[in-house]
Amino acid sequence: MNKVFIITGTRKGLGKQLAEYYLSKGHKVVGCSRGEASINHVDYSHHSMDVSDEEAVIQLVRKTKKLHGRIDVLLNNAGIASMNHITITPGKTARRIFDTNFMGTFLFSREVAKIMMRQKHGRIVNYTTVATPLRLEGEAIYAASKAAIENFTQVAARELGQFGITVNAIGPTPVKTDLIKNVPADKLESLLNRQAIHRYGEFKDVLNVINFFINDESDFVTGQIIYLGGVVG
Amino acid sequence: MDRQEILKIVLEAVSEVGEDEDKDILQNPDESTRLYGGANGNLDSMGVVFLVTELEESLSEKLGIDLTLADDRAMSQRNSPFKSVKTITDYIMMLLKEKQENS
């Protein structure tokens, strides 16, 4: 059966690849990013917005419900990172990271859950990072924002489980996207060496875990965090 | 916005939640029907969650009005707007007036 997806952060990187993948499988996708759409497909609609803008999130979710009648899957993919020692991290940067990563995830989950509760069905997938369990130096704010998402994922799973909604999170290793373009090569190398499998993550690795989480048969899998590359939480 | 129109939507939403919760008193509500809080409340906190989602969707679909009912004031008010059909109707009217004034 064709499904209705909301995927945040679809202008580039993993979000764009995921949107294109699910569109190619015949699903409907509603995406968003701060910039204009970079996907042109009859089953794709795009909202240019900030994921931490509460009113804009409400509008997107309600328009999706009106357009497609339901929402099956939410992928809270939008995220930003910034590497810095905590002593030279501006407060403004820390707020921006929490706004995009945590508040975006919270607001989308809240609004979509209202629709999914009435459907008695839904899949929410949040994004964390291996930087959180590895306590990576230089990523304190980014890792903390993702730690908040992990805890939110587990509590939301408990609150929404009775309505047939599962909430899980994927923790990718570094994947070669814009998110890590400013991270020095030696830092990335050192991170890869701390994984059980020493390589960059690829789109197929992320897709595999997301497909597992959103599978109809995964209705007994919730509150789980899966890190790629053999990183242990 | 006509208060009667909002009241009708509130009554329909309460009735809908009453059916889901299998509570007779909520299935045929009037303006005085007690909802949340106090000894005579007919909804528990999850019932309020259902009512909020039902109302937000009905207001959006039937009247094209996008409101967030569970705002900071609603959650912190000593006299909860979710106390009765009358109070939630008045609360929606107040939010609509504010929205109109701010637009």
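**Salt bridges and a buried strand**

Tutor: In this predicted model, A:E54 and A:R110 form a salt bridge, with the closest N and O atoms 2.9 Å apart.

Student: Where do A:E54 and A:R110 lie?

Tutor: A:E54 lies in helix α2 of chain A, and A:R110 in helix α3 of chain A. So the pair ties together parts that are 56 residues apart in sequence.

Student: OK, what does B:D66 form a salt bridge with?

Tutor: Its partner is A:R62, with the closest N and O atoms 3.3 Å apart. B:D66 sits in the loop between α3 and α4 of chain B and A:R62 in helix α2 of chain A, so this pair joins two chains. B:D66 is buried at 12%, and A:R62 is buried at 8%.

Student: How many salt bridges does the structure hold over all chains?

Tutor: There are 20.

Student: New topic. How many residues of strand β1 of chain A are buried?

Tutor: Five of the five, so the strand is largely enclosed by the rest of the structure.

Student: Which way do they point from β1(A)?

Tutor: A:V4, A:I6 and A:T8 point one way, while A:F5 and A:I7 point the other way. In a regular strand, side chains alternate between the two faces of the sheet.

Student: And which strands pair with β1(A)?

Tutor: β2(A) pairs with β1(A) in the parallel sense, over five bridges. The chain gets from β1(A) to β2(A) through helix α1 of chain A, in a right-handed β-α-β crossover. β4(A) also pairs with β1(A) in the parallel sense, over three bridges.

Methods
Residues numbered from 1 in each chain as written. Chains lettered and ligands numbered in written order. Predicted model: local features only at pLDDT ≥ 70, side-chain atom pairs only at ≥ 80, totals over all residues. Heavy atoms only, no water. Buried < 20%, exposed > 50% of the residue type's maximum accessible area, 1.4 Å probe, protein only. Helix = DSSP H or I, 4+ residues; strand = E, 2+ residues; numbered from the N terminus. Pairing = 2+ DSSP bridges. Right-handed = clockwise from strand over helix to strand, strands pointing away. Salt bridge = Lys/Arg side-chain N within 4 Å of Asp/Glu carboxyl O.
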